[in-house]
Structures are given as structure tokens and as C-alpha cells.
Amino acid sequence: MPLSSRHLLGLAGVPKEDIQLILDTAVTFREVLERPIKKVPTLQGKTVVNLFFENSTRTRISFELAQKRLSADTVNFSTSTSSTKKGETFKDTVRNIEAMKIDMIVVRHQSAGVPQFLTQISNAHIINAGDGRHEHPTQALLDMYSIKERLGKLAGLKVCIVGDVAHSRVALSNIFGLKAMGADVSVCGPPTLIPKGIESIGVKVIHDIDKAIAEHDVLNVLRIQLERKAGSSIPTTREYHNYFGITADRIEKNNKDVVILHPGPINRGVEISSEVADGPYQVILDQVTNGVAIRMAVLYLLGTMNN
Amino acid sequence: MRLVLKGLTLINPDQKLNSKSDLLIEDGKIKKIGDLTKEELKDAEILELEGKYCAPGFFDMHIHLREPGREDEETVVTGSNAAAAGGFTGVACMPNTDPTTDSAEVVRFIKEKAKNHLVDVFPIGAASVDRKGESLAPIAEMFDAGAVAFSDDGVAIKTASLLRSVMEYSLMYDAPIIEHCEDESLADGHMNEGETSTFLGLPGIPTVAEDLTVMRDIIMAEYTGARVHIAHISSKNAVDLVRQGKKKGIKVTAEVAPHHFTLSEESLKGYNTNFKMNPPLRTRDDVEAMIEGLKDGTIDCIASDHAPHSIEEKEMEFIYAPNGILGLETQIGLACTELLHKKHLTLDQLVEKMAVNPRKILNIEVPKIAEGENANLTIFDPNEIWTVDISKFKSKSKNSPFDKKLLTGKSVAVINNSQLYFEGNFRKI
Ligand SMILES: [Zn+2]
Ligand SMILES: [Zn+2]
């Protein structure tokens, strides 16, 4: 059974069956990655462009590795080497890349909506690797994969996304994906970091971190972007840690079984204390291999689709 | 030459006129209203206009011509052509040109470019030098050169102290200060802030950014006694503030753009940059408040905020695309479709908001439909059903979200300055 869409623009509106298919396929690739020869010929002869208008070494390397493992040809195009700086428009850039007869584009961009825009100007399959503060579907799929790996299920779980929800591209994708899979989702943070009207997509908003720890099975803790808008959203990282940080005390007091997920890299002593990161708690940190497996699954499912 | 317009219903609420009659126009003047004799019909060109309406020429008091500066997007002439095609005989153009219309020289330059056109073009001068909000622009010199109002449109006048100076200075000429109401410190976004912006992951502009500036401006108008005109009002609270201001007797007027009484933020789903404008499309509630404001007279007039942009500039990543859409050639259609046919406004009210009130706000004489007067007329058919086709636009740009939309109501002809625009052509009459 193929995916219901020929692109992965986000997880909003993606049916449960598609998400399940990606997660199941990733299990297979996860096994491949444990083999001595980690390469399969599945996407031989296919060309994938990694179109990165914003620097994100981690995500790009993960995608690139996934492409190599699938034997696809990879072209990297990032802003530092791009011609958009020389006044060429985004559209021209894409047209020029299209001329190379490509099959898929993995795109990262500062502006929400760019992956959707790409579908209008390119015939390739589009994979969103993060658009503005909108979505980052493969990261959310990876998070879901890791949760499922730890707890055996997603349906019925209570998950809370903690931190800078307003500026995060991971939060929305997690909310849409987890809800589709039957989980119950909340967000927790100071009101300045919670976007207006988020309740309308079916999440509960809480501002009390103790309550968040006590009432949820999983906390997905977002990285606080220290460089972003300092001063207008949170007064100091110290105050943030004191009121919203995940500490050993809080876990001991509220819920010793809570699973803490952090996509990394962690700001120790800000969103999570070192004690928690290194201690005897249920912590899931950056899952590099799972990330490659998820991206292989997405590339494979889209790349082998009949157009 | 002699032109006979047959079968028209003449309508001008300013003259309490509403009657069916033929018109004889000779050398650009209204020669006779009423039944025409054989003699008068002889050698005249006759236009059969049964069922159509004839009003004082419509006036759009908020458009952007891109001359001087971006003649690739619109010039004074192409913008005036678009105005004529859309059913307007007069427009007022905003000063965010390059160089800024902040001197008598640029005001005269625009007037010079508009000379001999059917459409009268009235420049609006900048309120502050280069619209920077730092120092007073030469308001007196610009007024004498032909500027009819002052505005920093694109942004609000930056500080309360400069706003005060501009308002006080304008008192000498009873010229309105037109405000683009937006608190800059809250306006770091690309669409209306709310459920939809959160869903789309786009930074939002909250309605309070508009409301706070509307409030400031109304209070300052009360204090100085000056006239303030709220441009492109779009939020429900802002309409309420204007309503209260009027009740208190403060000299505040307001305009609304057709897109703000037609479309809501929902249109942004899909990230089509032709729905990106400032102020942004708001919620359905706000749209209803615009209609309510038009009905009870809180909103005095309809103005398009016609903002031409090149295709290259609009076909861009959403956050980098410029704000603004075309408006001149869809305005009558949208007003008839959304307001007249949905029974929110009467034909009289529509003419008031599109021909009479804009001129009154700008202290421009409202044309009369009377014998001996210059013919300054819009002839329109509120019942004509047509499909918007941007490829037929007279505007140099094509950035309209209404392409392919079915509308009811269209301009048939305009007459002004001894010229007729009819069936796509200008002619001396
Ligand atoms: Zn404006
Ligand atoms: Zn404007």
C-alpha cells in the first residue's frame, strides 16, 4: 500500500495509515542499519536534491546518510553556495535544479509554506525538512518512533510538549502526528511561548511544569533558542529553568515514570538539568540512527511511488 | 461632439436624485436631461444603456501608483487606465513612491503625468520627510502644489509627538491626515495572528496593533481638532473605536478595502501570496464588523488600496513576498456582489461610499448630474455577471486574488474631462 500523498509537506491532515506505514517501514530500515553492509539498492538511479536555505547540519547529514544508504544520487545545495544571494529568485533556482531531472527535493527554509510552493513549481516529490516555524515532519516521525520504541504504543498516551512552542517547527508536527495516532497532546510553557489559538487544533495549554510532569506519560522537551528574541519571551534562562526546567526534584516529586524526550542538542541547566540528562531517568536523547531510518522510510516510500 | 446616453437611471444621493432619463452630452458638458427631440438626436452618437445606472464619477481615495520609482509595476497613466476601466473618474494616490512624494516637486510631477487623462489624479503628500516619522514634511508647499491629504501610508506616523505636529499643521488647510494604523512594535508578522497563523506556522500581526493606533489617532484628533481618516480599517475593535469617536463628535472618518469585507484569513491556507496584504485578512467576525460599519455609516467609504506588484516579486517565499493586491478593476464588482446584492447596502449608499464621501473627505467638489455641469459620470450595471480575468486588466501588474472569480456588477463606461471610456477605449467627446 502506498502513501496517500506524493509529498511529505507536514503531518497536518496526514492519515493514521500513512504515519503507521512510515513507522513500520522505518523498523525494517532500522534493521538494515545494524547490518555490516548498510546499503540497499532501492533508490539506485534516483536523484535527490537537498535544498537547504537555512543551515542545519544535523538534519542535512541525516537525510544525506539516508539517501546514501538507499543508493540514491545526492546533490547538496545550500545558501552559502546558492545563487539566490546573487539576486536569482527562489523560483529561478528551483527551475535550474529541475533541469537536472531530479526525483525528489528535501527542502529546509526560513519561510513557512515553501514546501507547498515547491509543489507548484516542480514535478519532484517534496519532503519538508523544516519550514519556518511551521512543520518538520521527519523530526516528529522520529520522535514518535522513539516513543513507540520505548513504550510500545502511541494510542492513548498522554504527551506534553514543553517549552518554546511558538517558535518551534517540531511542535506542530508532533501535535498533528501524535493526535492522528490517538495520543492525547498538551503544551506547556509561559504564555509568551505558546502561540495564539493553539487550542483550536485540539491541544490543552498548561503553564505549570509540575502538573505537566505529573499528568503525562511523555514530555517532549523543546530546545530553548537562546539567541532568539532574548528578553521579550523569557526574562532570563535562570528564571526559565526555575519555573519550567525539568529537574530531578520535579520528576521525583511528581512522576518517576515519565519519559523525557529531547531532540537535542540540550542546553543543560536551561530546559533540562544535567542530573536528569545523565541520571537514572527515562530519557531519550538524540536518536541519530532512528533519524536515518525514518528518513530512509520516507525517501523510499515516496521514491518508489508510481507517479 | 454630441453624445446621447439612453435609458439610464440617474442616481446621486447628494442631489437626492433618482430618476430614469436620457442624457445629452455636448463638448464634455451635460447639455440636457430628459426626453430628447429629433433635432437633438440628429448627428449624435447614441449609446443604448437601458437598465444601467449613471452616478457621479466614482472616486478611489486610496491607491498606489508606482511612479516615480517602480514604473515596471505601474505608472500614473497605466494606473489611471485601470481606474477608468474599473469605473473611476478620480483617484488619490499614496506617497510611498521613490523618491517619496514628500515635496511640491514630486506632487507636481505626478499631476503633470496625469494631465490630459480622463481620470483626475490627486496626490497625497507624505506627512513626514521620507515617511520616516522624524520631521514634518513641507505640508503647505505640497498642499499648494495640489496634494489633498497627508499620510505616511505603509506605516503609521511614527511618534505621538510628530502626529500631533502633523495634525496641528494640517488645520490650516482642513486637510485630513490619513493613517495606516499599525503599531510597528507589534507588527512583526505576515498575516493575521490567531488560529490560522498558528496552524500555518506564520508569524502573525495581532488586531491590537491596529486598534491601539486607531485609538491613539482618534484621541489626538480630539485634542488637536484635526481630521483623521482611518485607511483600510480591518478589525472589529477598530470599527467600534471609530463609531465611538464619531458619537463623541471627533472628526474621524474611515474607509474599508473590498478584500476586507469579502475575504477572511482562511484564504491564506495554501500560502498564496496574492492573499498577502497589510493590514492582513482578518477573521470572519471582523469581516462582518466591516459590513456592519458600512451599514450604520461608521465606515464612510470604500477604497481599494490598489497595490501593484510584479509577478517576480509576488511569486516568492511567503515571508519575503511584498504586501498588497490590485483593487481598481474589481472594486465595483465586489461591492455590488458582497454589499448590494446581499442587501447590506442600497444603491444610494453604494454611490455615497464610492463617489460622494471620498470627495467630501478630501474637500473635492462632488460632481452634479445637472444641465450645464461638466459630465463627470460613472455608468454601471449592478446586475451584469462577469468573470474576472487578470489578463484583461489595464493595470501593469497582475497580482489579484480574484482572478477567475464570478462577480455581479460592472462598470460600463466613465466620462470625465471631455473624454469617454467605453468598451476598452478612450475617446474625446
Ligand atoms: Zn496602508
Ligand atoms: Zn495603502
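**Chat about the zinc site and the spaces**

Analyst: The zinc ion (ligand 2) has H62(B) (NE2), H64(B) (NE2), D153(B) (OD) and D305(B) (OD) as its protein donors, 2.1 to 2.2 Å from it. Donors are N, O and S atoms within 2.8 Å of the metal (3.2 Å for Na, K and Ca), and water is not among the atoms, so sites may look incomplete. This is a predicted model, where local features need pLDDT of at least 70, side-chain atom pairs count only at pLDDT 80 or more, and totals for chains, interfaces and linings use all residues. Residues are numbered from 1 along each chain as written, chains are lettered from A and ligands numbered from 1 in the order written, and side-chain values use heavy atoms, without hydrogens and water.

User: Why is the arrangement around the zinc ion (ligand 2) irregular?
Analyst: Because the 4 donor atoms subtend angles of 84 to 170°. Tetrahedral needs all four-donor angles between 85 and 135 degrees; square planar (four) and octahedral (six) need opposite donors over 155 degrees apart and all others between 65 and 115; anything else is irregular.

User: What spacing do the donors follow along the chain?
Analyst: For the zinc ion (ligand 2), the pattern is H-x1-H-x88-D-x151-D. D153(B) sits in the loop between β10 (150-151) and α5 (160-170) of chain B, and D305(B) in the loop between β16 (301-302) and α11 (311-314) of chain B, 152 residues apart. Helices (H or I, at least four residues) and strands (E, at least two) are DSSP runs, numbered from the N terminus.

User: Are D153(B) and D305(B) buried or exposed?
Analyst: D153(B) and D305(B) are both buried (under 20% relative accessible area; exposed is over 50%, partly exposed in between, with a 1.4 Å probe and protein chains only).

User: Which zinc ions does D153(B) bridge?
Analyst: D153(B) bridges the zinc ion (ligand 2) and the zinc ion (ligand 1), and the two ions lie 3.4 Å apart.

User: New topic: how confident is the model in chain B?
Analyst: Chain B averages a pLDDT of 97, with 100% of the residues at 70 or above. pLDDT is the predictor's confidence in each residue, from 0 to 100. The model also scores ipTM 0.92 and pTM 0.94.

User: And which helix gives the most to the lining of the largest cavity?
Analyst: Helix α5 (residues 137-151) of chain A, with 4 residues. On a 1 Å grid over the protein atoms alone, a cavity is a set of points where a 1.4 Å probe fits but cannot get out, and lining residues have an atom within 4 Å of a point. The lining includes Q139(A) and L142(A).

Technical notes:
1 Å grid on protein atoms, 1.4 Å probe; cavity = no way out; pocket = protein on both sides within 12 Å on 5 of 7 lines; lining within 4 Å.
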